[in-house]
Amino acid sequence: MAEYGCFLASEEFGPRELVEQARMAEQAGFDCLWISDHYHPWNEAQGQSPFVWNVIGALAEAVSLPVETAVTCPTVRIHPAVLAQAVATSAVQLGGRFRFGVGTGEALNEHILGGPWPGAHVRMDMLEEAVTVIRRLLEGGEVTHRGEYYTVENARIHTLPDDPVPIDVSGFGPDATALAARIGDGYVTMSPDEELVTQFRKGGGGAKPAAGGVKVCYGPDREAAVRRAHGLWSSRLLPGELGQVLPTPRHIEQAESLVTEEMVAGAVPCGPDVEEHVAALAAFADAGCDRVCVGQIGPDQREFFDFYRTKVLPQLKDGP
């Protein structure tokens, strides 16, 4: 049976709000937490973007749930040697309840230092080398590395967790999924695509965990919930690579004009229909995901947690 977690949106909420949502998630019966790692929100309406590593430290003291970044890009904005130290400290704070989710990232967050934004296959090569560097540092010895993309000299992390930190790799298409199968300790996806999960398992992932994430917008009025989801998270439905290559929230907002309310209504569970929410999460479990993390769009967080605690999670965990 799948586990069900809460997806904390760093793009939409400040650090104190995220910690309070984590407390509510634990009280509601969620099994784990995902938290996004962004420098910018997707659009100005979302309006937030706290530094994820500070928030993770607070989460370690506030709740007893496992925590995972979903996902960090460890290649451009922050050097992988620095992220390895952040990962190690987070794992110590969480007492072994930390997984490090990684992906190839978006220009929206990673171009801020002024360098070029590479093409997808170069970003995958960079990700593979970055994961290699991070794993070596997490082993605890002194590391010197001179690779194609990264240089590390005489680096050693002294504050280390007792056990290795699992590194899960995000993959939204066949090439990235193949990389996740080859180098990941698990797989992260944002669509209930059975073919991709099967590719991950057959390509080398085997019995390693696969996890999926979904956005919903609970509310008593479905039309109002659709409008809210459209205003805050149309970026989820941008076509092609627009979400990966556009550099600022302003550009994302311009592209969001391609996304209609009707498209959102057909793709995002909105409103108070229990079965719609249950079906959206169950689709990931049916596709082969071991863990499904759901994030509520908008300010009605307490109402969302009450709804999932009383109506949705019991059906998912206990069955019909």
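Strand 4 and strand 7 lie side by side in this predicted model, pairing in the parallel sense over three bridges. Here, strands are DSSP runs of E with at least two residues, helices are runs of H or I with at least four, and both are numbered from the N terminus; two strands pair if DSSP finds at least two bridges between them. Residues are numbered from 1 along each chain as its sequence is written.

Let us look at one residue of this pair. Val102 belongs to strand 4 (residues 98-102) and stands opposite Val169 in strand 7. With a relative accessible area of 0%, Val102 is buried (buried means under 20%, using a 1.4 Å probe and protein chains only). Beyond its neighbours within four places in sequence, Val102 is in contact with residues including Val71, Leu127, Ile167 and Val169, where contact means heavy atoms within 4.5 Å.

Now step across to strand 7, residues 167-170. Which of its faces are covered? Both are: Ile167 and Val169 are buried on one side, Asp168 and Ser170 on the other. Strand 7 also runs parallel to strand 8 (residues 186-189), joined to it by three bridges, and there Val169 stands opposite Tyr187.

The path between these two strands passes through helix 6 (residues 174-183), making a right-handed β-α-β unit; right-handed means that, with the strands pointing away from the viewer, the path from the first strand over the helix to the second runs clockwise.

Stepping back, these strands are part of a closed barrel of eight strands, in the order 1-2-3-4-7-8-9-10, with parallel pairing.

Terms used. This is a predicted model: local features need pLDDT of at least 70, side-chain atom pairs count only at pLDDT 80 or more; totals for chains, interfaces and linings use all residues. Side-chain values use heavy atoms; hydrogens and water are left out. Buried means under 20% relative accessible area, exposed over 50%, partly exposed in between (1.4 Å probe, protein chains only).
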